[in-house]
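Please look over the sequence and the model shown below.

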Amino acid sequence: MFEFTSFRQHADNQFSQNVPEDIDMNEDDEDFLETGGLKLTWPGESLTSAQDYMRGHGTYVDNEEVIASVCGLVERVNKLITVRAVRTRYNPEVGDLVVGRITEVQPRRWKVDGNSRQDAVLMLSSVNLPGGVQRRKLESDELQMRSFFEEGDLLVAEVQAFFGDGTMSLHTRSLSYGKLRNGQLVTVPPILVRRLKSHFISLPCGVDLILGLNGYIWVSKHVKENEREGEEAFDAEAVYSNQNDDIDDSTRMAISRVTNLITILASHSIPLTDTILLDAYDWSLEYEGDVKDLLQGDAGDALVATILAKG
Amino acid sequence: MASSSISKAEKSYIQAGLLANPPRRADGRSLHDFRAISLETGVAPLSNGSARLRIGGNPHDGSGGTDILAAVKLEVESIQGDALDGGRIACNVSCSPSAYSHLSSGALEDLQYDLTMVLHQTLSHPSLHPKNLGIIPRKKSWLLNLDLLITADAGNIYDALFLAARAALWDTKVPRTRSVEYKSPKTLSSASGDMDIDQDTTSGFDTRNVAHATDFELPDYWDEGEILEGRERWPAAITLNLVNTVHFLDATLHEEASCASRLLVVHSYESPTSPTVQSIRLLGSDELSIPHLKNLIKEAESYTKAMVTSLTAKLEDENFRRNQKARERFGKRK
């Protein structure tokens with residue numbers, strides 16, 4: 001019942017294995033100043049003189065020198081030096097699909113945690129209101145905001161615009177957006193979710209996926225196209241419902257399986273696409289062992305080796 | 001920003017899964033499965049005993065688990081007045097702000113205080129007190145500082161804290177000490193030659209057995225010493241998460257948020273067969289009937305027993321591994 005293991009010992013050469021050979025780790029050369037040069041840096045490393053270059057994101061100036069403040073790749077545009085961090089929070093762009101969680105209900109707006117640097121804002125005017133899609137908001141809507149979304153609720157939305165301070169503003173004015181139910185959330189580093197043609201993925205195992213570009217992924221029971229709520233007329237009851245459908249055992253298993261697979265792929269830094277997820281799912285069906293065993297021992301390594309071989 | 005609140009839909013999804021037949025959990029575990037626990041002792045060279053523990057980290061990169069560092073530091077303390085003889089134990093739990101990024105600093109302090117109190121009250125109980133923490137009776141003793149740092153929290157923090165504390169205390173070595181006495185020098189009076197003076201004879205009527213030791217010295221290097229007396233007594237804790245009539249173990253954060261109450265039971269195993277209950281705590285808002293509670297405590301006993309058995313085996317493994325590593329390093333040096 002209780003399984004005690006040791007911490008995985010990292011081989012000394014592991015780091016250098018993962019780095020492409022053409023990256024020069026030598027501190028002194030300034031190859032990155034040439035166009036197309038690649039250089040990895042780490043916090044506190046002096047990059048160049050502040051007199052010749054300007055500091056950009058991820059750097060600061062101390063003692064007439066530009067110094068990196070994050071770990072990542074050095075980039076140069078003309079005289080501007082920036083460091084693109086290896087691991088960052090989500091950088092939103094207009095039109096991105098994100099999954100978020102309500103953290104606060106405020107006058108005429110919700111605050112949404114979107115894995116970004118600041119909490120996002122969802123205005124009351126940018127959600128679908130009951131009784132007609134194109135309807136002006138009324139005072140009564142303001143008073144019953146919690147009946148639409150309350151603290152802790154998960155939703156899928158699109159980035160609509162930015163405010164002056166860089167906060168993103170979301171909207172759910174489409175029938176495919178709105179409150180999430182019938183499933184569970186899994187979080188991955190945002191960089192692993194690429195921009196795809198569609199972020200709504202249906203796997204043939206009866207599981208729907210919503211790949212939020214902010215790294216929040218919603219794994220849920222498949223809902224048939226024609227049974228999706230509000231197809232003909234907008235049905236507020238169904239859209240803002242907190243009630244789950246009945247979920248049978250095999251669907252629950254499939255949801256857990258997909259969740260575990262996503263966790264494994266994310267820990268190996270493999271970008272998520274529908275084809276990779278499908279391959280992984282097929283592999284896991286052949287894998288002898290339970291769903292929970294996927295997260296144990298070497299199962300993940302074996303999976304990734306197979307995926308990469310197919311590559 | 002990991003927020004600990006979850007939506008009603010998530011909550012009911014988790015609860016329905018736990019109550020389903022067969023029960024299903026988010027990562028495919030059954031109700032009484034633990035996530036894998038990684039453990040290493042001797043991680044802090046400057047401490048007298050230390051351990052690092054992680055519950056449920058990803059086997060590849062170790063992300064997404066509950067991560068705890070525990071270290072024991074012994075400190076010499078002068079006993080003043082009528083203070084207790086034979087040493088003290090002081091536990092302290094600190095939470096790294098990065099582990100609880102959604103909490104304000106005030107809330108974080110409250111949480112630290114709560115965890116510290118649970119741990120301190122249980123571990124510093126007289127029934128668990130090791131006997132070799134005294135140095136000089138009524139003068140000097142060791143103060144055992146047990147510090148735990150939570151660097152990441154992915155649920156089941158109480159079990160993890162107690163496991164880490166047990167591992168660090170198991171690893172602790174108390175430096176050997178030798179008392180030093182001061183005696184008045186005899187040479188002064190004997191220098192006066194043939195004068196026949198009674199000197200330095202102890203009276204045969206003096207039956208007091210007064211310890212004259214005023215100070216002590218360390219005969220060994222700092223890192224050598226003897227293990228804490230009674231280290232198999234250190235307790236193990238199990239949290240039973242309660243949903244309706246079922247209970248499950250090792251909850252993740254989301255699962256913790258979706259069950260109304262939790263029962264923490266701490267057992268100490270002086271002899272492998274008869275555990276003593278060291279502490280019981282009911283966390284949460286639900287009420288519990290006495291017969292149900294009795295059943296749960298009985299069940300908890302079997303869990304802590306299995307936990308203590310496998311933890312002890314792992315700690316002995318660790319000891320062996322470290323000895324071997326030390327020998328290898330010594331062999332290389334030649």
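Strand β17 (residues 207-211) of chain A runs antiparallel to β18(A), and five bridges join the two. Strands here are DSSP runs of E with at least two residues, helices are runs of H or I with at least four residues, and both are numbered from the N terminus. Two strands pair if DSSP finds at least two bridges between them. This is a predicted model, in which local features need pLDDT of at least 70 and side-chain atom pairs count only at pLDDT 80 or more, while totals for chains, interfaces and linings use all residues. Residues are numbered from 1 along each chain as its sequence is written, and chains are lettered from A and ligands numbered from 1 in the order in which they are written.

Within this pairing, A:Val207 has A:Lys221 of β18(A) as its bridge partner. β17(A) and β18(A) form a hairpin with four residues between them. In the turn, A:Gly215 has a positive phi of about 90 degrees. β18(A) also pairs with β15(A), in the antiparallel sense and over five bridges; there A:Gly183 stands opposite A:Ser220.

Is strand β18 (residues 216-221) of chain A mostly covered or mostly uncovered? It is mostly covered, with six of its six residues buried. A residue is buried if 20 or more other C-beta atoms lie within 10 Å of its own, exposed if 12 or fewer do, and partly exposed in between, with C-beta atoms placed from the backbone.

## Annotated regions of chain A

An unreviewed UniProt entry annotates residues 183-223 of chain A as "domain: K Homology". UniProt positions are given in the numbering used here, feature names are shortened, and annotations may be inferred rather than shown by experiment. Over residues 183-223 the chain is 0% helix and 49% strand, and the end C-alpha atoms are 11 Å apart.

The UniProt annotation "domain: Exosome complex component N-terminal", from an unreviewed entry, covers residues 41-77 of chain A. Here the chain is 0% helix and 57% strand, with the end C-alpha atoms 17 Å apart.

## Where chains A and B touch

In this model, 40 residues of chain A are in contact with 36 residues of chain B. Contact means that the C-beta atoms of two residues, placed from the backbone, lie within 7 Å. On the chain A side, elements that give two or more residues include β1 (4-5), β9 (97-106) and β15 (183-187). The largest share of that side, eight residues, comes from α4(A).

β1(A) pairs with strand β1 (residues 37-41) of chain B in the parallel sense, over two bridges. In this pair A:Phe4 stands opposite B:Ile37.

## Chain B as a whole

Chain B has six helices and 14 strands. Of its 334 residues, 35% are buried. Among contacts in chain B with a separation of 6 or more, 73% are between residues 24 or more positions apart.

## Backbone details in loops

A cis peptide bond, with omega about -5 degrees, joins B:Asn21 and B:Pro22. B:Pro22 lies in the loop between α1 (8-19) and β1 of chain B.

A:Asn78, in the loop between β7 (72-77) and β8 (80-85) of chain A, has a positive phi near 50 degrees although it is not glycine. A:Asn78 counts as exposed because it has 7 C-beta neighbours inside 10 Å. B:Asn156 also has a positive phi, near 60 degrees, and its place is the loop between β6 (140-152) and α3 (157-171) of chain B. B:Asn156 counts as buried because it has 27 C-beta neighbours inside 10 Å.
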